[in-house]
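Student: Could you walk me through this structure? I'm new to it and would like to ask a few things.

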Amino acid sequence: MHLPTPGGFVAAALATATIVAGSATAVGASAPASPSVSATLGGPRGSIVVAAEEEPATADWIHRDAGIAWGVWVLGGQTLPQAFVVQPDGSYAPGAVLAGEPVLEPGPPQRVTYRIRDEAVWSDGEPITSKDFSYLWRQVTKGRAISDRTGYTDIESVDTSDPKVAVVTFSEPYAAWRDLFGGFYFLLPSHLLQGKDRHAAMKDGYAFSGGPWKLQGGARGWKQGRSLTLVPNDRYWGTKPSIGRVTFQFVPETGPAIQAVKTGQVDAAYPTPAIGILDEIEEESNLQFATSLGNTYEALWLNTTKRPLDSRAVRQALAYATDRDAIVEQVLTPAVRRGSVLQSFNVPTYQQYFTPSFERYTRDLGRVDELMTGDGWTRNDDGVWEKGGRRARVELNTTSDVGGREIVERLLQSQWEDAGFQVSIDNADPGTLFGDWLPNGTFSVGIFSSVGSPDPDLCILFCTSAIPTDDNGGAGLNITYLSSAAIDGPLTAQLREPDAGARAPLVRDGQAALADEVPAIPLYQAPTVFVWNADRIGGPLADNTTSGPFYNLNEWTLR
Amino acid sequence: MLTYAGRRVLVSLPVLVVASVLVFALVRGVGPDPAAKYRDSRDPHAYQEARADLGLDRPIVVQYGDWLGHFVVGQWGESTDTGRSVSSEIGSALWETLQLAFWAAAVSAAVALLIGTYSGTRTGSAGDHVLTALAFAGLAVPTFWFGLVVIHFLGYELQQLLGTDQPLFYSVPVDTGGGPVEYFRHLALPVLVVSVQLVAGWSRYLRAAMADTMRTDFVRAARARGVPRRRLVVRHGLRNSLTALVTTMAVDIGALVAGLIVTEKVFSIRGMGTVFLDALGAGDTPVLLTWLMVAGAAVVVCNLVADLLYAVLDPRVRLA
Amino acid sequence: MTDAHHRFEPEIAGASPAGSAGLLEESIDAIERARPDLEPASRRRAALHRFLRRPLAVAGLVVLVVLALGAVFAGVLTPYPANPDLTDPAVLAEARQGPSLDHWFGTDTVGADQLTRVLFGLRVSLAIGLGTALLSTVVGVAVGAIGGYYGRWVDSVLMRGTDLALLLPTIAVLLVVADRLGGSIPGMIVVLSLLSWMPVARIVRGEFLTLREQPFVEAARASGATGRHIVARHLLPNVAGTVVVFATLLVGFSILTEALLSFLGAGVEPPAVSLGVLISDAERTAGTSLAYLLYYPGIVLFVLVLAVNFVGDGVRAALDPHRRS
Amino acid sequence: MSATPDTPLLSVRHLAVELGSDAHRVEPVADVSFDVFPRDALGIVGPSGAGKTLTAHALLGILPEPARVRGEIELRGRSLLDRSEAELERIRGRDLALVFQDPSTAFDPVATIGAQVAEAVRVHQDLPAPQVDDRVLHLLGLVGMADPRARAAQYPHELSGGLRQRAMLAVALANDPAVLIADEPTSNLDAIAQAQVLDVLARIREETNTALVLITHDLGVIARAVDRVLVVEAGRDVETAPVDELFTAPRHPCTRSLLAAVPRLDGPGRGGAARGAGGTPVLAAEGLVKEFPVRAGMFRRVVGHVAAVADVSFTVRPGETLALVGESGSGKTTTARLALRLLEPSAGRVRFRDEDLTAASPRRLRALRRHVQIVFQDPAASLNPRLSVYETIADPLRVHRVPRADERRRVGDLLELVGLRPEQASHGPHQLSGGERQRVGIARALALEPQLLVLDEPVSALDTPNRAAVVELLEGLQRELGVAYLFIAHDLGIVRRVADRVAVMYLGRIVETAPAAALYDTPAHPYTQALLSATPVPDPPRERARRRIILAGDPPHPGDPPSGCRFRTRCWKAQAECAATEPELVDRGRGHLVACHFPEPEA
């Protein structure tokens with residue numbers, strides 16, 4: 001079973017916050033670790049090896065080649081500061097670099113004041129300043145081949161008159177302002193990069209650090225295709241790592257990764273769960289694991305330009321024809337012994353904006369008949385719905401190299417055929433599905449995952465403005481091609497509502513509209529499994545669905 | 001011989017040029033859209049921008065000429081997936097693959113030589129039957145399946161059996177410092193998987209050649225003049241059978257450069273094969289194009305080596 | 001011969017660098033040929049006799065027949081459907097049961113009987129193997145015959161073309177095209193034949209080049225025979241043996257290649273399921289309690305290819321008496 | 001224990017060799033007994049398949065695995081059959097040495113001649129390297145190699161067949177073996193090379209103590225080389241006698257048939273030289289040239305040409321036989337293929353009757369071809385292994401769309417004509433003997449009732465009895481059908497009986513052409529004389545008395561022919577003039593033409 005975010009689709013676009021420094025700050029605040037304490041303990045020692053499923057494409061985090069969560073988990077978040085970090089409960093907390101919560105003035109003009117911690121310094125001893133905020137803003141807005149400029153283009157100015165205070169003024173209200181100077185992006189040392197080719201300086205790794213770790217030997221610490229090695233950053237002001245060296249070894253496949261942990265080749269792994277994986281781990285007395293339901297969720301994406309999916313009744317009927325409980329039972333439970341049906345496109349991790357709007361869709365063939373008949377369909381001799389001489393025919397499309405989705409396909413085929421739909425299957429490699437079939441609208445029902453984000457913006461997935469067209473270069477993410485005023489209304493409004501309290505109802509309205517229109521059907525949250533060798537690693541080990549299990553790597557200890 | 005080598009290289013050049021057309025047509029015609037991944041981007045201009053950057057808006061013939069022109073002078077461009085230079089991507093992958101290929105070939109050659117000689121000089125014996133059956137098994141076993149089985153049984157069960165905490169062999173590449181022992185523990189399993197097929201193929205080949213050679217008049221004539229069996233087998237039998245085998249081996253080794261896709265995938269080795277799979281999945285056209293050309297060039301080089309070896313080993317072959 | 005079965009080059013006659021067997025061997029052959037008890041027997045009987053004398057070939061044939069019957073009668077051999085109704089909770093409740101008397105190969109992740117699926121997979125794999133062998137052979141023989149007899153530019157184009165194709169790594173090329181052409185069973189056959197007709201063509205061409213210099217072909221030319229007559233009457237019948245052997249081995253090769261493409265995500269697509277797809281689906285079960293899903297189809301695939309190759313070797317021995325055991 | 005002239009060195013009693021598995025057992029050698037004495041020269045003679053070669057291999061214990069040997073073989077009074085392999089290894093090459101029939105396959109192709117001779121020396125003698133080298137050079141000199149050092153550095157494929165066989169003799173003599181067994185050492189050689197090898201054998205007998213056992217099917221060879229003869233047939237010895245006695249008073253019918261089959265230079269030629277004279281020639285070749293390009297260098301440029309046939313003209317008149325004779329490489333087979341336009345000539349013309357074959361359109365050529373047919377040298381290769389005898393003979397008929405009913409009758413007639421049994425029509429080529437196969441080839445050639453048959457060494461791959469039978473058949477067919485023959489041969493002996501006229505070729509040119517009688521009685525060209533001398537006469541006293549002309553070495557490479565007279569490099573008459581100008585064919589009257597500056601004066 002394999003439930004990744006394919007090809008960076010959607011995942012890259014949504015700023016999945018991956019915040020590492022957050023917990024470190026909390027710990028550091030309560031019990032600031034002084035250099036002398038570590039010194040008396042003899043300093044960091046020993047080394048561990050961790051299997052990493054994906055390798056960052058580039059360490060230039062704002063470049064368009066960046067954008068995978070693993071890059072942030074194993075390198076970005078370990079080495080660079082961010083304004084906000086998302087907590088395990090989905091709330092935003094100020095990063096280790098800030099001295100307290102930033103101050104928001106809703107305006108207009110909207111204005112945010114970030115106060116930088118006095119002791120926050122780069123690894124060369126230079127202080128982290130408001131110029132670093134300004135530098136990031138300018139690079140994102142003015143640079144070439146930038147991953148995502150959203151929000152930054154709404155900034156009018158960054159006041160750097162006080163080196164320890166950055167004042168950001170917006171030209172338009174921007175609701176997702178907490179994702180700025182965070183998310184997949186990091187503050188960069190302007191004093192080192194100013195006037196230089198940022199991309200060239202950073203893409204293969206960098207020697208500087210503003211986090212608990214730094215690359216061993218600078219760019220040499222990252223052996224492309226093989227491994228990435230971190231050592232403690234002596235100048236870090238928060239909790240200092242007690243482990244002398246952490247090597248992330250790139251092992252893309254689940255089987256080999258588990259095998260490697262079981263045999264002691266690596267000390268921890270965070271692989272995509274597979275059926276039977278927990279039994280296998282439990283066989284080994286020295287292994288411990290933690291599972292959770294992650295922010296990545298699996299959904300059925302309906303191409304609403306294709307018959308019969310252009311009919312809302314048919315889409316609703318399909319939702320009623322689907323036994324999502326059975327799917328969860330066959331796909332999630334055997335793998336991680338837990339799981340529940342996802343009822344929204346905002347994962348419940350971020351409770352403030354979550355509403356179980358799809359709850360009404362449980363398998364109900366009576367409702368299917370009702371909806372289909374009401375839409376003018378009749379069952380033909382084969383028991384298949386027909387209208388105007390044409391059958392209700394859908395095709396399931398997913399990436400063919402992904403094991404577990406074939407179970408979903410087989411279950412759906414059975415369930416939908418049983419409900420009177422004709423179902424065929426045509427799979428493709430990720431390049432074809434995401435690069436061709438989706439943007440060109442030639443698919444029928446896509447099965448793939450998306451990533452839920454702490455910021456509740458669903459407009460990017462479902463607004464009319466996000467439909468791929470020639471105007472936007474075919475780059476829009478609304479591959480359901482559904483243009484609905486009922487959806488556009490609340491989802492567009494929430495975009496410009498910086499106040500969280502006022503924003504939540506709008507988001508929930510949008511979700512209700514989505515459940516009515518059914519451009520997509522959410523299935524479940526992809527599970528995660530974090531496994532480690534307890535004979536080797538100690539400390540507060542746990543999965544963090546947003547920030548990854550390495551969010552507190554600096555607190556890990558070696559046994 | 002130098003003239004011959006020179007001529008072969010000259011003849012190969014147009015072949016490679018035509019191959020480049022084929023490769024370009026294949027990758028650009030049938031393969032993925034090089035800019036596809038930027039369609040995911042939240043930035044509405046990213047896709048158009050990327051297409052322009054990649055020069056995809058120009059006529060295809062111009063693109064081909066541009067690519068070939070740069071390719072010939074060693075400017076292989078940058079990966080659209082990682083932004084790194086294609087030469088470094090391919091270079092590091094090639095290094096990984098060549099190590100695997102080298103050891104697999106060396107081990108296989110040694111084993112195949114022993115088995116082929118034994119079987120070829122004792123055709124019909126019980127030992128020959130057993131080895132023949134094993135060779136057939138080696139040729140029939142699906143590599144990817146075998147790799148998974150090997151990882152489980154030799155990588156895990158064996159360790160359990162011996163009750164050790166330390167891994168016996170590595171099934172994933174882990175930087176554990178240097179040393180020949182560590183090197184061996186890393187390469188043992190993948191080399192085994194690759195070698196099964198090579199040994200099977202080569203030993204069958206050598207066995208057939210050996211059996212034929214041992215039945216020739218000249219071996220019988222050597223026997224008739226009192227040449228002892230050992231010398232008969234080594235100096236006449238093996239020496240004559242090797243000519244064909246060595247050239248076959250050279251060609252097979254050339255094919256290994258691009259042919260270890262499954263082994264590399266199963267053992268998480270970032271070699272030519274996995275680079276190809278990633279590039280194909282990511283629509284990384286610059287890498288795909290260069291990759292195919294490098295694989296083709298490897299075959300050309302190995303064919304050339306095969307021909308030269310043949311000429312060196314067999315005085316009857318005239319390189320004209 | 002690489003892990004990707006990169007090159008298809010089975011050992012057929014002519015592997016020997018030293019040429020044919022010695023004169024004495026030939027004279028002994030002549031003596032054995034002249035054996036009175038073989039005299040009335042037809043050539044076919046003699047070939048059959050040679051085949052039956054090889055225990056491995058016979059065993060391969062028996063196994064192959066058993067597997068083929070299993071594939072043909074996949075639907076009736078087991079009491080389970082290949083695609084059970086997955087809305088039935090009773091079916092789903094059967095999911096992930098290890099091998100038992102009821103389910104010899106266990107059940108898969110949704111409760112379907114794995115033996116049934118393996119039999120259907122066998123059917124698809126065999127169909128692809130046979131189809132590819134047939135298509136490649138027909139195309140290869142046609143092209144090789146034209147190139148080998150008429151030579152000149154046809155031959156040049158053919159040889160340069162196949163040279164070129166040999167430069168390109170098979171699996172890589174197949175992966176690139178598989179997504180466009182593959183998926184269905186006929187599609188897979190076309191994809192796999194795309195490159196495998198070439199070795200057939202080369203072999204046929206090579207044999208033709210040798211044969212057309214043979215005195216018996218010169219005799220036919222001297223009698224005023226046309227090219228068509230010579231090809232049809234004198235050349236093709238003489239390459240038939242080689243081609244049959246080659247085609248047999250191509251069956252096994254194609255089955256393995258399809259399985260490999262499936263493993264890499266470019267094999268046949270549902271509802272068709274090949275042995276390779278079954279193995280690929282179970283890729284992550286190695287070492288887990290579901291490992292039987294990986295082992296059984298793998299063993300069946302292995303036995304199938306082994307049997308095909310044994311038969312191929314037997315056919316080679318039967319049709320080529322000069323190369324014994 | 002040494003053998004005296006009275007006690008045999010090697011004694012073979014009731015030797016039998018069994019082959020095959022239990023179910024299909026055959027006994028190609030059933031009962032053979034003979035003795036070899038010191039300095040003896042024993043000939044073992046018999047038709048092919050008589051078990052001669054297996055006997056030789058049995059003596060050395062090198063039969064292939066499934067073979068079983070019965071009887072007794074004793075070397076110097078001690079049995080060989082119960083020796084261990086290690087003991088046998090010491091005996092092979094030192095006591096018993098074997099020379100194989102085919103020198104092209106008996107050498108390891110990847111080792112130099114010198115290395116292989118040296119290996120033979122080292123296997124039995126522990127000598128320091130320089131002495132081994134000396135020994136190698138001595139041995140190569142002994143077998144008549146002109147430049148032993150250069151030869152030693154060459155690979156087998158770089159030597160001609162004759163030289164290779166002599167090198168093989170050097171290997172066999174490496175350890176001064178007690179007995180040298182030569183298995184058909186000249187059967188694969190042309191007449192000149194055969195004469196050279198027989199000459200070496202004679203010298204070996206003079207210069208060493210080695211006893212010789214010469215296995216052959218050719219009684220002509222026997223007459224020249226041995227003292228005693230053992231005749232074997234179907235695996236049994238049937239007669240043994242001193243050589244003179246055997247030829248003058250053969251006792252066993254097999255011996256007599258063997259003798260009868262030997263072509264005799266001194267025998268009667270064809271009567272009536274006038275046959276076929278006059279009338280339009282069936283075939284006329286005019287100035288035929290065939291050049292093959294030689295390519296070299298990086299760009300495979302044509303850097304020169306090898307003229308396999310350099311300006312050859314001849315005519316074949318209706319019903320007559322023209323023999324074209326020359327040693328290997330003389331261009332005679334190329335000429336035959338040019339005559340049929342199976343090869344395109346580089347220059348010159350071939351005319352069939354009044355029609356220019358060389359200019360005929362493909363369609364016209366196919367139609368004309370039924371009149372000119374060919375029989376090939378190798379009867380095995382010239383039959384399609386997939387076709388039955390009937391289908392093979394009927395094939396040309398089908399090509400020319402003869403109705404099926406006629407076809408059946410015609411094939412039946414042809415089978416009878418060439419002396420095959422009707423039931424053999426359904427047989428495959430593999431079920432036929434060599435002679436029978438050649439008869440099928442002849443029947444196929446005759447199927448279209450040609451006016452000319454090109455016979456490309458039709459009997460040289462056959463053993464003596466078959467040779468005689470096929471030649472006889474050809475004679476009969478000519479009488480009956482009036483077909484003209486262009487008969488290619490490397491041996492003047494074989495064509496003595498059949499030829500009306502003979503043309504002798506050397507290095508791509510005709511050097512002498514004459515009516516048969518004139519050529520055999522008064523050969524004018526030195527090369528013709530050498531060819532005649534090289535052909536052994538099956539009459540031991542006469543053979544011993546004949547003047548020997550042994551040509552030295554091999555013919556020069558056709559790519560670089562000598563200036564002037566092409567034969568001058570091997571000619572004992574050569575003068576300065578020969579190098580300067582090339583002799584023209586000069587008519588000496590009565591159709592006798594010769595191209596030589598110093599021809600034998602007319603009688």
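Predicted model: local features only at pLDDT ≥ 70, side-chain atom pairs only at ≥ 80, totals over all residues.

Student: How many residues does each side bring to the contact between chain B and chain C?

Tutor: Residues count as touching here when their C-beta atoms lie within 7 Å. On chain B's side, helix α7 (residues 180-214) gives the most, with eleven residues. By class, that side has 39 nonpolar, 15 polar and seven charged residues. The contact takes 50 residues from chain C and 61 residues from chain B.

Student: And which element of chain A gives the most to the side that touches chain C?

Tutor: In this contact, 31 residues of chain A meet 23 residues of chain C. Chain A's elements that give two or more residues are α7 (254-262), α8 (277-282), α10 (324-331) and α13 (405-418). The class make-up of this side is ten nonpolar, eleven polar and ten charged residues. With eight residues, the element that gives the most is α13(A).

Student: Is helix α10 of chain C enclosed or open?

Tutor: Let's count: a residue is buried if 20 or more other C-beta atoms lie within 10 Å of its own. The buried residues of α10(C) include C:P215, C:E218 and C:R221. They pack against α9 (185-211) and α11 of chain C, together with β16 (372-375), α13 (389-399) and α15 (434-446) of chain D. Eight of the eight residues of α10(C) (residues 215-222) are buried, so the rest of the structure leaves this helix largely enclosed.

Student: Which residue with a positive phi follows α10(C)?

Tutor: Most residues other than glycine have a negative phi. The residue after α10(C) is a glycine, with phi near 95 degrees, and its name is C:G224.

Student: Is B:S268 buried or exposed?

Tutor: B:S268 lies in the loop between α10 (261-266) and α11 (272-282) of chain B. Its phi is positive, about 55 degrees, although B:S268 is not a glycine. There are 25 other C-beta atoms within 10 Å, so B:S268 counts as buried.

Student: How many C-beta neighbours does D:R76 have inside 10 Å?

Tutor: D:R76 sits in the loop between β4 (68-75) and β5 (78-79) of chain D. D:R76 also has a positive phi, about 50 degrees, without being a glycine. D:R76 counts as partly exposed because its number of C-beta neighbours inside 10 Å is 15.

Student: Last one: what is omega for the cis peptide bond between A:R307 and A:P308?

Tutor: Most peptide bonds are trans. A:P308 lies in the loop between β13 (287-302) and α9 (312-321) of chain A. The bond joining A:R307 and A:P308 is cis, and its omega is about -5 degrees.

How values were computed: Residues numbered from 1 in each chain as written. Chains lettered and ligands numbered in written order. Contact = placed C-beta atoms within 7 Å. Helix = DSSP H or I, 4+ residues; strand = E, 2+ residues; numbered from the N terminus. Nonpolar A, V, L, I, M, F, W, Y, C, P; charged D, E, K, R; others polar. Buried ≥ 20, exposed ≤ 12 C-beta atoms within 10 Å, placed from the backbone.
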